[in-house]
Amino acid sequence: MDERKVYLVTGATSGIGLAAAKSLLSRGHSVVAVGRDGSKYESNLLSWAKENDLVDELSWERIDFSIPNSFCDLDVKSFPVFDGFVNSAGVLSLCPLKLETYESIIKVINVNLIAPIELTRFLVKERKFRKSSSLVYLSSINGPMIGSKAHTLYAASKAGICGFTKSLANELANQQIRVNCIAPGTVATNMLDQTKMMINSVSVTEYAKQYPLGIGFTNSVVDLVNFLLSDNASWITGQSIVIDGGYTLN
């Protein structure tokens, strides 16, 4: 079993964030899970932790990233000191730009970019990361690598996360704190289900064919998350690492 560490995981009630939280708990670590939906936390993560006798290593913090200034009343000082941070909270707006609204723009940018920056700012300011901690932010190939139709807001926010991590890596290097970004292709999560509801099955099938190794699974991405959090990645910082089953080869 790994040496026990303490991690903060956002978006921990579904998708990659949920899989990351479960993996870290299974490895003997403690997790502070962050999300906006307490019922999803109880049914998706807390119930699993109870079944696996890991509930003592799990705690919950409700934060709604879609609300501007959602951290103003957050008691960051009461948080433990973390060995690592996984930011997986995210939202997709699948819509042509001309049909977006100011409200939808603010929501996507706030959830995917501003809120992670703000949360990180509070944590750094209160010295909530140990020396040699590892911070991992989930981005996407959309934005940094490609620009899919109807993904303008999502792509802009995810490209922003990659830029943020590069600069932050430089700022925190003197504390031996590593900051990296993972840019996945399409992974079988609720976000993919959301996409399937908006386009026809033929289009989904044709899209999947563009992945030489097929559509990804959460555990494939979580394996990379675990590596970047570990001491095995102690000389890696400021990187945006693509994991996409070969999609960007084409």
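## Salt bridges in this model

The structure holds 5 salt bridges, a salt bridge being a side-chain nitrogen of Lys or Arg within 4 Å of a carboxyl oxygen of Asp or Glu. This is a predicted model, in which local features need pLDDT of at least 70 and side-chain atom pairs count only at pLDDT 80 or more, while totals for chains, interfaces and linings use all residues. Residues are numbered from 1 along each chain as its sequence is written, and side-chain values use heavy atoms, with hydrogens and water left out.

## Two links across the sequence

Let's start with E57 and R4, whose side chains meet in a salt bridge at 3.2 Å, N to O. E57 lies in the loop between helix 2 (38–51) and strand 3 (58–62), and R4 in the segment before strand 1 (6–10), so this pair ties together parts that are 53 residues apart in sequence. Helices (H or I, at least four residues) and strands (E, at least two) are DSSP runs, numbered from the N terminus.

Next come D231 and K5, with a salt bridge of 3.5 Å, N to O, between their side chains. D231 sits in the loop between helix 7 (218–229) and strand 7 (240–243), and K5 in the segment before strand 1, so the two tie together parts 226 residues apart in sequence.

## A link within one helix

Now look at helix 3 (residues 102–125), where E118 and R121 are 3 residues apart, about one helical turn. Their side chains form a salt bridge at 2.7 Å, N to O.

## Buried or exposed?

Buried means under 20% relative accessible area, exposed over 50%, and partly exposed in between (1.4 Å probe, protein chains only). K5 is buried at 17%. E57 is partly exposed at 27%, as is R121 at 43%, and R4 is partly exposed at 48%.
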